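Visitor: Please give me a close look at a single part of this structure, and take me through it step by step.

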Amino acid sequence: MMRLVKHGLMYGNLVEVTSPSMVGRYNRALEHLTGKRTGLDAFHIDISGYSPEVGDELGDELYLNPNGCNRQFILLTVEQKTAPLLNAKFSTSRHLLRRFIDENEEQLFALSIRDCVVGELVNSIYSLKSPLDLFHLNAIDVDADTVGGHSEAGEELADKIEQFVSEPDAWWDDVLIAEMIELAKHTGDIIRTPLSLKFPRFEQGNFHTVHFGGLYIFRDMKETACIASGKLETDDKLPVKRLLNIEDRDKIADFLTRNALVEPIFEAGNGKAVNILKQKLDFIVIDTAADKGEDLSGLSRRDLRALKRKYQKDLPAEYHSLEEAVRRLSAGGSMRWPSPDDPAYFYLLRSRSHRDKPLVNKLLAELTPLDFRQLFICHKDAFYAHYVTWSEAKKTYAAQFLADEYMVDKVGTREELFGAERDMAEDGDDIGFGRNMGPWGAIPRDDDRDDDDDDDDDDDRD
């Protein structure tokens, strides 16, 4: 895994904590939330304040996420908003943390100068005993304040100020004035620097969770479904129309089509589609050649063609079906659409543009594991799980390819592979001037798309 770390493909974009003051504030927050402290004098944290070094020291990678259900967080600095979310249990959690920071950035900046902001993503339940419990997670609330309770004290002071200016006899209320003075010593000037935080409520619609072996839950659909990555053992009747396994290719294809969740890659245009599919063919050849013990270092296009000829008979069925699609598209002919039992079927699809685009592309990545690039971009957990099983030659090739071809232009690569991002105005996020508007109109969010969860998940996670 160190190969991935060195290329910034794992634990990348974390926030460094090195100053004694920040370490001290982190320890106060950590003790406040967990009763534990760290003896480290330097470490890195993700968007939630989780540190892999501290997790290793404590022997508990879920020290901020007990039971994997209600993620706690420590905000040392608003700079954490661009960091990934590690050890995510739900695909929606990073988005919610980012939204909370965006909507309260000015207040959080003021609060974090004095103290750490600590909080929790509060679900309606505190542990998951069966898959049915997941369907009780209808909404997530954010609860947060500083360790010293500055936000709560600020709200109390604001109420007393309102009482002072609105009640005629408040000028002679010595007790009220004394209480205001004491609170002001703690909060500072809340007129110039308001300390009131907005707590967004996030409706938990369609999502992925790593619980119970990995589940994709689509419940905000005309036709609902739960798709399990492994064997799902439960005696409960889940409130979905379809309960599927990742091996149920025909049924998954039917579900995705009926709900208009996917589109053929060649809808991007024949030229672009051919290039995308050719790269998928290359990845399949690399997998076969690596298994045959080939040295893949310094591989050129000519070398790749030679490997294709050499191992033509050993290449899997996915390769031959994709190759036929490339030939048809390159010749400008009509595309013969394969059936779902064709090994290449899901390699020819991508998500349509809708709210659940990251979730659908994550599912498609799991269905097409030989495309290691899509696996890395859309489903980090699955990528890392596959990575440890690869030969050293494939590990080296994949890490170098992702570093050279993806990390240098993440936004451009994602747009080429998956199409343009949805208009952010459709997502309902207000980032300062009304819904996604700035002083000169709609605000482009390319930076948000580039600081994604390249080292956690998705899209994306709790």
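Guide: Searching the whole structure turns up zero disulfides, a disulfide being a pair of cysteine sulfur atoms within 2.5 Å. Cys-69 counts as buried because its relative accessibility is 0%, and Cys-378, at 6%, counts as buried too. Buried means under 20% relative accessible area, exposed over 50%, and partly exposed in between (1.4 Å probe, protein chains only).

Please keep in mind that this is a predicted model, where local features need pLDDT of at least 70, side-chain atom pairs count only at pLDDT 80 or more, and totals for chains, interfaces and linings use all residues. Residues are numbered from 1 along each chain as its sequence is written, and side-chain values use heavy atoms, leaving out hydrogens and water.

Now to H12, which covers residues 357–367; helices are DSSP runs (H or I, at least four residues), numbered from the N terminus. Ten of its eleven residues are buried, so H12 is largely enclosed by the rest of the structure. Among them are Lys-357, Asn-361, Leu-363 and Glu-366.

The partner to look at is H8, residues 249–258: the two helices pack at an angle of about 160 degrees, with axes 13 Å apart. That makes H8 roughly antiparallel to H12, a label for angles over 145 degrees. H8 passes H12 in a left-handed crossing. From H8, Arg-249, Ile-252 and Leu-256 make the contact, meeting Val-360, Leu-363, Leu-364 and Leu-367 of H12, where contact means heavy atoms within 4.5 Å. By class, six of these residues are nonpolar, none polar and one charged.

Definitions and conventions. Axes fitted to C-alpha atoms, helices over the stretch in contact; angles between N-to-C directions. Parallel < 35°, antiparallel > 145°, perpendicular 65-115°, else oblique. Left-handed = near helix turned anticlockwise from the far one by under 90°. Nonpolar A, V, L, I, M, F, W, Y, C, P; charged D, E, K, R; others polar.
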